[in-house]
Amino acid sequence: MAGLGGSAAPRWWRRDADAARREAAAAREAAAAAMLELDAALSDLPDAVSVVEETGAGGGARAQHRISAPASLASDWRDLSVHADAVIGQYLQTLAEHDAEADPESGPSRRAAADLGRAAAALREVLAQVLRFRDQYGEALAAATRVRATAARTVPAARDAVAA
């Protein structure tokens, strides 16, 4: 008769609320993991796209670092970036609306689990779009990374030369 006497097992009328709260916590963790993956995938893209835009249109001293990239890269990045920001904002709003520990009732916990599950799915969908973007423009982004690394080594050397 565990659970009916004085044992620590959950009481029969509390089991559903506890299960809903566990579901909400699992959904929150899944959404957080999806957000971390998306954040990692996005981390260097703004800088790389900026380098591609600057060196693709640049002349003069930058001509040696010209990166050939499809004209659609900048507009595709802007579209993806706006979409990713909207999905991330919705995820953060969903987190703010649902406190998994605050409400002991199963209804709000189930709603939180459903909302956070949808947020995680949307984050994973954007992650897939980011990965496709990286695949589509991989050569230009890799070239931008090389240009940025070269600049990181060249700038200190130029400062030292100017100082001398």
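View 1. Residues are numbered from 1 along each chain as its sequence is written, and side-chain values use heavy atoms, with hydrogens and water left out. Going from the N terminus, the elements run α-α-α-α-α, with 5 helices and 0 strands in total. Helices (H or I, at least four residues) and strands (E, at least two) are DSSP runs, numbered from the N terminus. Among contacts between residues at least 6 apart in sequence, 76% join residues at least 24 apart. Of the 164 residues, 31% count as buried; buried is under 20% relative accessible area, exposed is over 50%, and partly exposed is in between (1.4 Å probe, protein chains only). The accessible surface comes to about 10000 Å², and 55% of that belongs to carbon and sulfur atoms. These areas come from the Shrake-Rupley method with a 1.4 Å probe, and for residues only the protein chains shown count as cover.

View 2. The average pLDDT (the predictor's confidence in each residue, from 0 to 100) is 81, and 75% of the residues score at least 70. Among the elements, helix α3 (residues 72-97) has the highest confidence with a mean of 94, and helix α5 (residues 138-163) the lowest with 77. Over residues 58-63 the pLDDT is below 50, and beyond near neighbours in sequence this stretch has 3 contacts in the model. Where pLDDT is low, the predicted coordinates should not be read in detail.

**View 3. Helix α4 from end to end.** Take the 31 residues of α4 at 1.5 Å a residue and they should span 45 Å, which agrees with the 45 Å between its end C-alpha atoms. The expected span of a helix is 1.5 Å times one less than its number of residues. Its buried residues include S109, A112, A113, D115, L116, A119 and A120. Further along, L123, V126, L127, V130 and F133 are also among the buried residues of α4.

View 4. V130 lies in helix α4 (residues 106-136) and counts as buried, at 0% relative accessibility. Leaving out residues up to four places away in sequence, V130 touches L38, A41, L42, L45 and L80. The C-alpha atoms of V130 and L42 are separated by 7.2 Å, although the two are 88 residues apart along the chain. With the same exclusion of residues up to four places away, L42 touches W77, A84, I88 and V130. A nonpolar core is a set of buried Ala, Val, Leu, Ile, Met, Phe, Trp, Tyr and Cys residues joined through side-chain atoms within 4.5 Å. The largest one has 30 residues, and those with the most contacts inside it are L38, L42, L123, V130 and F133. Two or more residues come from each of α1, α2 (45-57), α3, α4 and α5. Apart from this core lies another, of 5 residues, among them A24, A27, A112 and L116.

**View 5. A31 on helix α1.** A31 is found in helix α1 (residues 15-42) and is buried, with a relative accessible area of 0%. Neighbours within four places in sequence aside, A31 is in contact with Y91, L116, A120 and L123. Its C-alpha atom is separated by 8.8 Å from that of R124, 93 residues apart along the chain.

View 6. A salt bridge is a side-chain nitrogen of Lys or Arg within 4 Å of a carboxyl oxygen of Asp or Glu, and the count comes to 4. One of them joins R110 and E23, with the closest N and O atoms 3.9 Å apart. R110 lies in helix α4 and E23 in helix α1, so this pair ties together parts that are 87 residues apart in sequence. Another joins E53 and R78, at 3.6 Å between the closest N and O atoms. Here E53 is in helix α2 and R78 in helix α3, so the pair ties together parts 25 residues apart in sequence. R118 and D115 also meet in a salt bridge (2.2 Å, N to O); being 3 residues apart in helix α4, they are separated by about one helical turn. R118 is exposed at 52% relative accessibility, whereas D115 is buried at 19%.

Key
This is a predicted model: local features need pLDDT of at least 70, side-chain atom pairs count only at pLDDT 80 or more; totals for chains, interfaces and linings use all residues. Contact means heavy atoms within 4.5 Å.
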